[in-house]
Amino acid sequence: MLDKNVQIFDTTLRDGEQVPGCKLNTDQKLVIAEQLDLLGVDIIEAGFPVSSPGDFKSVEAISKLVKHATVCGLTRSVENDIKVAAEALKYAKKPRIHTGIGTSDSHIKFKFKSNQEDILKRAHAAVAYAKSFVEDVEFYAEDAGRTDNEFLAKVCEAAIKAGATVLNIPDTTGYCLPHEYGAKIKYLRENVKDIDKAVLSCHCHNDLGLATANSIEGVINGARQIECTINGIGERAGNTALEEVVMILKQHPYLNLDTNINTSMLYGISQLVSESMGIYTQPNKAIVGANAFAHSSGIHQDGVIKNRETYEIIDPKDVGVTESSIVLTARSGRAALAYRAKNIGYELTKLQLDEIYANFLDFADKKKEVDDSDIHQIIETSKVYRDIISA
Ligand SMILES: CC(=O)SCCNC(=O)CCNC(=O)[C@H](O)C(C)(C)COP(=O)(O)OP(=O)(O)OC[C@H]1O[C@@H](n2cnc3c(N)ncnc32)[C@H](O)[C@@H]1OP(=O)(O)O
Ligand SMILES: CC(C)C(=O)C(=O)O
C-alpha cells in the first residue's frame, strides 16, 4: 500500500541554477536553502559538486546549514563525481547522492557511443559505488521519457539490486504526454522486481508545457516524489513548478495525496528566488504571478466582490498573498468602481455612481489602469462632488 505523502524534491539550486543568467553565489544559495528548509521541502538538491570549486563549496555549506531536509548532490555515473559529491555532503544530517546515466537510444548511441548492456553495468556500478559512501542513493535514468519501457525496467532493476532507494524517471526533454508518462510509471510499478524497495520519482521538463500535468499523472500512477523548482525555472523551458504541484494536491483532496509544504510561504519564496536570480516571473504565472489573484474585468470583479469563490479556487492567503486585487480598467463595471471608491473613503449613491462611472470610462479609455489618485481626481472634478462630501 502506497503512502499518501508525496515527497517534494526541490532542485532550484541545481537544475534551476543551470539556467543562463541564474547563477548564484554561495551566500545567495544559503539564503534560499534556509527558506526551502522552512518551507518544508523533503529534499534539497544543492548542486553538482564536481562541476566547480564554487559549487562544491555551496553544497558543503548547505549541508552544514540545513536542519530538516535531506541534502542531495548530483553526479554522473563516474567514480570521481560520486567521491567528490560524498565529500561535499559529509556534514549533511541526511545526505543523498543522486547518480545516473542516459538510457534512451539517442543518449546511448550519440552521447555514449555505447550499448544497452554497458549502460546496465554502469548504472549498477555507479549506485553500488555511491552506496559505499551514503545509505540514501537516488538513481536517474536520464531521458527516461523517451526510453523504451522494457529496457527502463531492466535499468531500474539493476539500480535497485545495487541499493538505490529512489528511482528517478526523468522526462528530460519534456516529450511525454501525461497519459504516456503516467503509463510509464504504472508499467515500472507493475514490472520491476522489488519495486517496493525504492520510491519512484518524477522529474519532468516543460518543453511542451506539460511538466506539471506529467508530474501529477506520475503520482496518480504510483510515484511518491516530485522533483521541481520554485517558479518552474530550469533547463530550457524549465522544470515542474513546485508551487503548482503542491497546490494541485492541496486543492484536490480526493486524490488522497499530500505534501509537507507550508503553502503560506510560497509567494515569499517565489519572490526571493526571482530577485536573487534576476529572473522575472511572468505575471500570469499560476499561483505566484502578479496577476494570479488580480481581477480586472467587470463581471469577474462584481462576482469576487460578492463572494471571492466565484472566480478564485485558491484563497490567496493560503499561498502568502495578502489579498486579491480589483484592478480598474475600461473593462471594469460600477461594482468595481464603487468598491475601490469606498476603500478610499467615498460612499456613493446609485445616482452619484452613474455619473462618476461615465467620467471614469472616459478616463479609463485613455489610461491602461486607473489608480487611487485617478479616482480622487475623477470624483473631485465631478458635478456630484459637493453632494458626496456634504453627505
Ligand atoms: C539533464 C541534466 O540536467 S544533467 C545535469 C546537467 N548539468 C550539468 O552538466 C552541469 C555540471 N556539468 C559540468 O560541470 C561538466 O559538464 C562536468 C564537470 C560534469 C563534465 O565536464 P567535462 O569533463 O569537461 O565533460 P563535458 O561536459 O564536455 O562532457 C560531458 C561528458 O560526460 C559524459 N556523461 C554525460 N552524462 C553522463 C552520465 N550520466 N554518466 C557518465 N558520463 C556522462 C558525456 O558522455 C561526456 O563524456 P565524453 O567527454 O567522454 O564524451
Ligand atoms: C539529471 C537528471 C535528473 C535531469 O536533470 C534530467 O534528466 O532532466
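**Exercise 1. How far apart do the C-alpha centres of domain 1 and domain 2 lie?**

Before we start: this is a predicted model, where local features need pLDDT of at least 70, side-chain atom pairs count only at pLDDT 80 or more, and totals for chains, interfaces and linings use all residues. Residues are numbered from 1 along each chain as its sequence is written, while chains are lettered from A and ligands numbered from 1 in the order in which they are written.

*Solution.* 
- Step 1: take the bounds, which come from an automatic or database domain assignment: domain 1 is 7-277 and domain 2 is 294-390.
- Step 2: the two C-alpha centres lie 46 Å apart.
- Step 3: 9 residues from domain 1 and 6 residues from domain 2 make the contact, where contact is defined as C-beta atoms, placed from the backbone, within 7 Å.
- Step 4: on the domain 1 side, helix H10 (242-251) and helix H11 (266-277) each supply at least two residues. Helices (H or I, at least four residues) and strands (E, at least two) are DSSP runs, numbered from the N terminus.

**Exercise 2. Check the span of helix H6 (residues 116-131), then find its buried residues and their packing partners.**

*Solution.* 
- Step 1: the expected span is 1.5 Å times one less than the number of residues.
- Step 2: buried (20 or more other C-beta atoms within 10 Å of the residue's own, all placed from the backbone) applies in H6 to Ile 119, Arg 122, Ala 123, His 124, Ala 126, Val 127, Tyr 129 and Ala 130.
- Step 3: these residues pack against helix H4 (79-88), strand E4 (95-102), helix H5 (105-111), E5 and helix H7 (149-161).

**Exercise 3. Describe the shell around ligand 2.**

*Solution.* 
- Step 1: collect residues whose C-beta atom, placed from the backbone, lies within 6 Å of the ligand: Asp 15, Leu 74, Tyr 140, Glu 142, Asn 168, Pro 170, Thr 172, His 203 and His 205.
- Step 2: strand E5 (136-142) and strand E6 (166-171) each give two or more of them.
- Step 3: sort by class, with Ala, Val, Leu, Ile, Met, Phe, Trp, Tyr, Cys and Pro as nonpolar, Asp, Glu, Lys and Arg as charged, and the others, Gly among them, as polar. The shell has 3 nonpolar, 4 polar and 2 charged residues.

Methods
Buried ≥ 20, exposed ≤ 12 C-beta atoms within 10 Å, placed from the backbone. Contact = placed C-beta atoms within 7 Å.
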